[in-house]
Structures are given as structure tokens and as C-alpha cells.
Amino acid sequence: MKVFVDTNVLAAGFATRGLCSDLMREVLANHELVSSRAIFSELKRILIKKVDVPEYQTKKVLDFMGSVSLPSEPVEQAAYPISDTDDIPHLSAAESAQCAVFVTGDKDLWAIQTQSGMRVLSPRNFWETISAQQQSGANANKPRSTD
């Protein structure tokens, strides 16, 4: 499945241990990560200025992201009912790439209904969704008792 991960989740995934880093490992191992130039630019700024990651390490993160993600840019920017217009290019890039899911920690985005049917989920909701899918897949492969 194609997954677009918002900057706040990426920064937490690279800078800390926990749900977001586990989520990033799962996406990289079993899904297609989609990203954009706008996400790279914002991630660089956040890692350096807010998380205090040195520039040389930030460059390594961005180089890695460039090597493991599918690039997408918005064909056109859709109108979304959100107050922070900085998120519009990210949502538009995700929809342009036909992503199934947009993962963000931004509560204002969780209720958005996209034109493409892309789901906007919190990191926790995405984790629970993929865990349930993996569990149902594992149960489907179990041999059935003939008793």
C-alpha cells in the first residue's frame, strides 16, 4: 500500500524511539513510502531547528529518505477545509500519488474527507489498522480444524 507520512511523524520516527520509529520501520519493510520536496524541506528545517539534529546527520536522513521513497508532487492543489494551509501541498502530493493512507500527528487533519478516498490517520490508528490486517492475514493462513 502507498503511504504518505507527514513531517511530524517522520521527525519523530527519525529522532526518537517509540511508535513513530516502529511505524517507519513497518512502512519501509512492507509498504511504499511516498514523499515530496515540500516534506523534505520541512523535515530538514524541523530536524535542525526544533530537534537539534546536526546538519550532517540531517543530510544523511534526507539522502536516505530520497533513496527509499517514491517522489510525488501535487498535480494541482485541492481545496481542503483546514486552517493550516501549509499542509495542502502534502495532502495534494499524497493524493496525486494515489496513496491509500496519509499518516499525520496533526489532529486538525484527521477528519478530512479526501476526494480520492485516501484515509487520513493518526500514527496510532495507522498502527492499529496494519496490525489488524496482519492479524487477519495470519488467521486466514491457519489450517482449519476438521473436528
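Leu43 is buried in this predicted model, with a relative accessible area of 0%. A residue counts as buried when its relative accessible area is under 20%, so the value of 0% for Leu43 places this residue in the buried class. Leu43 belongs to helix α3, a helix that covers residues 37-50. When its neighbours within four places in sequence are set aside, Leu43 is in contact with Thr7, Leu10, Ala11, Val61, Leu62 and Met65. Of these partners, Thr7, Leu10 and Ala11 fall within the range of α1, residues 7-15, while Val61, Leu62 and Met65 fall within the range of α4, residues 55-68. Trp127 stands 84 residues from Leu43 in sequence, and the C-alpha atoms of these two residues are 22 Å apart in space.

The protein as a whole contains 6 helices and 5 strands. Along the sequence these elements follow the pattern β-α-α-β-α-α-β-α-β-β-α. The C-alpha trace spans about 60 × 35 × 25 Å along its principal axes. Of the 147 residues, 41% count as buried. Among contacts with a separation of 6 or more, 60% are made by residues 24 or more positions apart.

The 5 strands form an open sheet with parallel pairing. The order of the strands across the sheet is β3-β2-β1-β4-β5. At its edges lie β3 (70-71) and β5 (119-121), each of which pairs on one side only. Strand β1, made of residues 2-5, pairs with strand β2, made of residues 32-35, in the parallel sense over 3 bridges. In this pairing, Lys2 has Glu32 of β2 as its bridge partner, and Phe4 has Val34 of β2. Strand β1 also pairs with β4 in the parallel sense, over 3 bridges. Here Val5 stands opposite Val103 in β4. Strand β2 pairs in turn with β3, in the parallel sense and over 2 bridges. In that pairing, Ser35 stands opposite Pro71 in β3.

The structure holds 2 aromatic pairs. One of them joins Phe4 and Phe102, whose ring centres are 5.4 Å apart and whose planes meet at 10°, so the pair is stacked. The limit for a stacked pair is an angle under 30 degrees between the planes. Phe4 lies in strand β1 and Phe102 in strand β4 (residues 101-103), so this pair ties together parts that are 98 residues apart in sequence. Phe4 and Phe102 are both buried.

Phe14 and Phe64 also form an aromatic pair, with an edge-to-face arrangement. Their ring centres are 6.3 Å apart, and the angle between their planes is 85°. Planes over 60 degrees apart count as edge-to-face. The pair links distant parts of the chain, since Phe14 lies in helix α1 and Phe64 in helix α4 (residues 55-68), 50 residues apart. Phe14 is partly exposed, with a relative accessible area of 30%. Phe64 is likewise partly exposed, with a relative accessible area of 35%.

Empty space around the atoms was also examined. Rolling a probe the size of a water molecule over the atoms shows where empty space is left. The largest pocket has a volume of about 230 Å³. This pocket is lined by 13 residues, and the closest to its centre are Thr7, Asn8, Glu42, Ile46 and Asp87. Helices α1 (7-15) and α3 (37-50) each supply at least two residues of the lining. By type, the lining residues divide into 3 nonpolar, 2 polar and 8 charged. Thr7, one of the residues closest to the centre of the pocket, is also among the contacts of Leu43.

Key:
Residues numbered from 1 in each chain as written. Predicted model: local features only at pLDDT ≥ 70, side-chain atom pairs only at ≥ 80, totals over all residues. Heavy atoms only, no water. 1 Å grid on protein atoms, 1.4 Å probe; cavity = no way out; pocket = protein on both sides within 12 Å on 5 of 7 lines; lining within 4 Å. Points joined across faces, edges and corners; volume = space filled by probe spheres on them. Helix = DSSP H or I, 4+ residues; strand = E, 2+ residues; numbered from the N terminus. Nonpolar A, V, L, I, M, F, W, Y, C, P; charged D, E, K, R; others polar. Pairing = 2+ DSSP bridges. Phe/Tyr/Trp six-rings, centres within 6.5 Å; stacked < 30°, edge-to-face > 60°. Buried < 20%, exposed > 50% of the residue type's maximum accessible area, 1.4 Å probe, protein only. Contact = heavy atoms within 4.5 Å.
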